[in-house]
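Morning, everyone. I have one structure to walk through today. Please have a look at it first.

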Amino acid sequence: MHHSRGRATGPGTRGSTVNRIRRTTALVAVVVLSAVALTAASADDRTPATSDPEVRRPMVFVHGFTGSGAQFQTQALRFVSNGYPAEHIDVLEYDSLFGEETREQVFDRLERRVGELLEASGADRVDLLGHSLGTSMVQEYLNSDPGRAADVAHYVNLDGASADAPPGGVPTLAVWGQGDPARQIAGAANLRFSRQTHTEVVTSEETFEEIHTFFTGEEPATTEVVPEDAERLSLSGRAVLFPQNTGVQGGTLEIYEVNGATGARVADEPEATFPLEGDGAWGPFEALPRRNYEFAIVREGAATHHLYFEPFLRSDRLVRLLTSVPDGGIGDLIEPGPNHASLTILRYKEWWGDQGAGSDALEINGVNVLNPGNSPMAERNIAVFAFDAGSDGVTDLATPIPSLAALPFITGVDVVVPASEAAAGTISVAETARGGDRVELINVPDWVSADHRISIQFNEYG
């Protein structure tokens, strides 16, 4: 399915624009920018999104293995902070184990979404981004059909597959993190951040600045997530099963405002409830800025899953609530018990525990659970599962929990986190990100793991 849209400028504009972009890209010079082998095309050589600087093309992000659209959440907020319409920033989610769809079925969905965004925005083309496995998906998509490539103005390849040429002839920026310095996309602008790990490449300020400049021809006004000046923020997203990204079925989402100092609910009744069916979409929920909220996924026959975030600064359409099937999946690797809590702590910037003064700190009730044994930089872990392994009442952080450490991007730590039947106590979880001294704190109730799961997500930006 391809899309032909009339333009006031005449039928020949689109093809000539594509050719002009490709000729321009062929002339891009790659230069060494720093001692960390940072290379990129000059901002002056990059093709602007349109002739009108107030118009921004829509974009679609395609995640990697076991990922989701949540990995683009921060960059989307940065784009909106720079004037992009939030509704023109989208993600394509799929089951990266390919148990639900074939690759071609995923491509068909991407093509339909591109067409929908073009119709809704009136833009001539879209911009695409892929990460890790998502880069091989996008490369195959662009190379599979000239009509698909013709609808794409720019492509950003984030720490994924190399290529002998820009996919589909689309102007390409390839951003690489740690790893083989020989990786490249020939004919593209290749950018290297040798001290950024695999997921950090997707979410960092430095990457955002380069992507914004590549898409628009202009440096961003800010690389920060700028707080929104509004009495209420509109939050929406999906509740999905990890890692399939299929929607939660037969459940209810309850949203509570909570006391930031204790994690306790401000009121017994939820501020909002949403049925969870189909693709797991929920919202919009009108939240107060800089307040703490609990998102509780309630399903018959399953432990209630309580999810907590740092206070929201802006309206957000990409809030992802990751859970598991009631029986089976990754939930079976968590050992529940009547006296302890189970935590999953997530950040879309790898946890480093083996870099000395350059490590992260993640403290649960004052105990830093990261160390060289369970969180080496090379493992690229973004999720920490924490519970009392064996329910023996003994904390042992010397080695990771084997069943969890065997999974990509995940580690497990054996730590006793006391819980109470009435969840009357507080669990304090504090993060100090490497390179800084500011402590981010999220307090949650001490839910008993026999009937409850707790997820905590920290921002990867300061």
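Let's start with a charge and a ring. Arg434 lies over the face of Trp352, and the distance to the ring centre is 3.5 Å. Keep in mind that this is a predicted model. There is another arrangement of this kind at Trp351. Here the charged end of Arg347 sits over the ring, 4.1 Å from its centre.

Now the rings themselves. How many aromatic pairs does a search of the whole structure find? The search gives 13. Take Phe214 and Phe215. Their ring centres are 6.2 Å apart and their planes meet at 40°, so this pair is tilted. A tilted pair is what falls between the two limits: under 30 degrees would be stacked, over 60 would be edge-to-face. Are Phe214 and Phe215 buried or exposed? Both are buried. They also belong to a cluster. Ring pairs link Phe214 and Phe215 with Phe79, Tyr84 and Phe208.

Next pair: Phe285 and Tyr293. The centres of these rings are 5.4 Å apart, with the planes at 85°, so we call the pair edge-to-face. Phe285 and Tyr293 are both buried as well.

Where does it sit? Asn157 is in strand 6, which runs over residues 152-158. Why does Asn157 count as buried? Because its relative accessibility is 0%, and the cut-off for buried is under 20%.

What does the side chain of Asn157 reach? One partner is the side chain of Tyr155, through a polar contact of 2.8 Å. Another is backbone: the side chain of Asn157 reaches the oxygen of Ala161 at 3.5 Å. Then there are the contacts beyond its neighbours within four places in sequence. Asn157 touches Gly130, Thr135 and Gln139, then Leu173, Ala174, Val175 and Trp176, and also Ile185.

Let me zoom out. The protein has 462 residues, and buried ones make up 55% of them. Its secondary structure comes to eight helices and 24 strands. What about contacts along the sequence? Take those between residues at least 6 apart. Of these, 66% join residues at least 24 apart.

Last, the surface. The protein exposes about 18300 Å². Carbon and sulfur atoms supply 51% of that area.

To recap the ring story: Arg434 is over Trp352, Arg347 is over Trp351, and the Phe285 and Tyr293 pair is edge-to-face. That's it from me. Over to you.

Notes. Residues are numbered from 1 along each chain as its sequence is written. This is a predicted model: local features need pLDDT of at least 70, side-chain atom pairs count only at pLDDT 80 or more; totals for chains, interfaces and linings use all residues. Side-chain values use heavy atoms; hydrogens and water are left out. Helices (H or I, at least four residues) and strands (E, at least two) are DSSP runs, numbered from the N terminus. Buried means under 20% relative accessible area, exposed over 50%, partly exposed in between (1.4 Å probe, protein chains only). A polar contact is a pair of N or O atoms within 3.5 Å; within protein, one must be able to donate a hydrogen and the other to accept it, and residues adjacent in sequence count only if both atoms are side-chain atoms. Contact means heavy atoms within 4.5 Å. Accessible areas come from the Shrake-Rupley method with a 1.4 Å probe; for residues, only the protein chains shown count as cover. Rings of Phe, Tyr and Trp (its six-membered ring) pair if their centres lie within 6.5 Å; planes under 30 degrees apart count as stacked, over 60 as edge-to-face and the rest as tilted. A charge sits over a ring if NZ of Lys or CZ of Arg is within 6 Å of the ring centre and within 35 degrees of the ring normal.
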